[in-house]
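Have a look at the model first, then read on.

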Amino acid sequence: MTKPVVSLKLKDIVRSELTAQEQSLMVNSYDRTGDIAIIALPEALAHREKAIGKAILTAHSSIRVVARRCGRYSGEFRTAPLKIIAGERRKKTLVKEFGVRLFVDLEKAYFSPRSASERRRVAACVQTGESVLVMFSGIAPYPLLIAKCSRAKRIVGIEKNPFAHAYGLKNLQLNRNKDIDLLCGDVREVAKKLHSSFERIVMPLPTAGDRFLSDALGLLSPAGGVIHYYQMTNDNAPSLPVTQITEACKRARRELIAMRRIGCGHCGPRTQRICIDAEIGPKDNGKG
């Protein structure tokens, strides 16, 4: 087992360091990735960040670094700036996830420990003998968990961020895996060179995955398969991911046999990350 995210009661930890008014400005939890704690602080508490960081280190001996997130995840590679406010001066850490070890630089490569259970769920879905493609594979958590939890025939990961890809290769070595193929580049360009199809495709890019649905359907086995499609939803458009994949299947002349909607956690007020497990039928070649 693994404890991917530990949400701690910050206000209890810093109670002796902050005034009641200052405490009211804080969120009551923070995330832990490996031995690094990451917190979000409003600018009004920026002058208190060192005291808060030291309090966290004192309260939890297994935490060696406290970092403050100084902006939202943004850009093509979904990274966020971090500032070390206490502890060791590093942003790299080792994460253990269901028996898989992952080395990551939290500022250079996107990685969410909150998705550990979801990655394990998808890995458990993989059937013996399947070929699996992981688009946007990052530091390779999906490929490595799939390799550990299944008897897939082939596992391929594609990642455009060169830093994330480099860490993915390191993680293959760290886990002594020589069977996964990790490729670096734009998924569309790299996929053209594969000259192969897959029974299962994972698309863990909830902010822009819809732009690659047609590519995924083109790479899916002509005999059919499964796509795990991730997307963000909010109260204004709760059915948007279902509509996106339904329309993409129509354009690709692929039968959408069944769909299952999986909630993967809230990412903000009224915003949820979801996965659509879409079972796709054989390709319609237009005959008959």
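This is a predicted model: local features need pLDDT of at least 70, side-chain atom pairs count only at pLDDT 80 or more; totals for chains, interfaces and linings use all residues.

Residues are numbered from 1 along each chain as its sequence is written, and side-chain values use heavy atoms, with hydrogens and water left out.

**Overall build**
- The protein has nine helices and 13 strands, counted as DSSP runs (helices: H or I, at least four residues; strands: E, at least two).
- Along the principal axes, its C-alpha atoms fill a box of roughly 75 × 45 × 30 Å.

**Two domains**
- The domain assignment gives domain 1 (25-90) and domain 2 (109-283); such bounds come from an automatic or database assignment.
- The centres of the two domains, taken over C-alpha atoms, are 30 Å apart.
- Eight residues of domain 1 and twelve residues of domain 2 take part in the contact (heavy atoms within 4.5 Å).

**Where they meet**
- Domain 1 and domain 2 bury about 880 Å² between them, 56% of it on carbon and sulfur atoms; this is the accessible area (1.4 Å probe) lost on putting the two parts together, summed over both.
- Two salt bridges cross the interface of domain 1 and domain 2 (a side-chain nitrogen of Lys or Arg within 4 Å of a carboxyl oxygen of Asp or Glu).
- Arg 114 and Asp 31 join their side chains in a salt bridge, at 2.5 Å from N to O.
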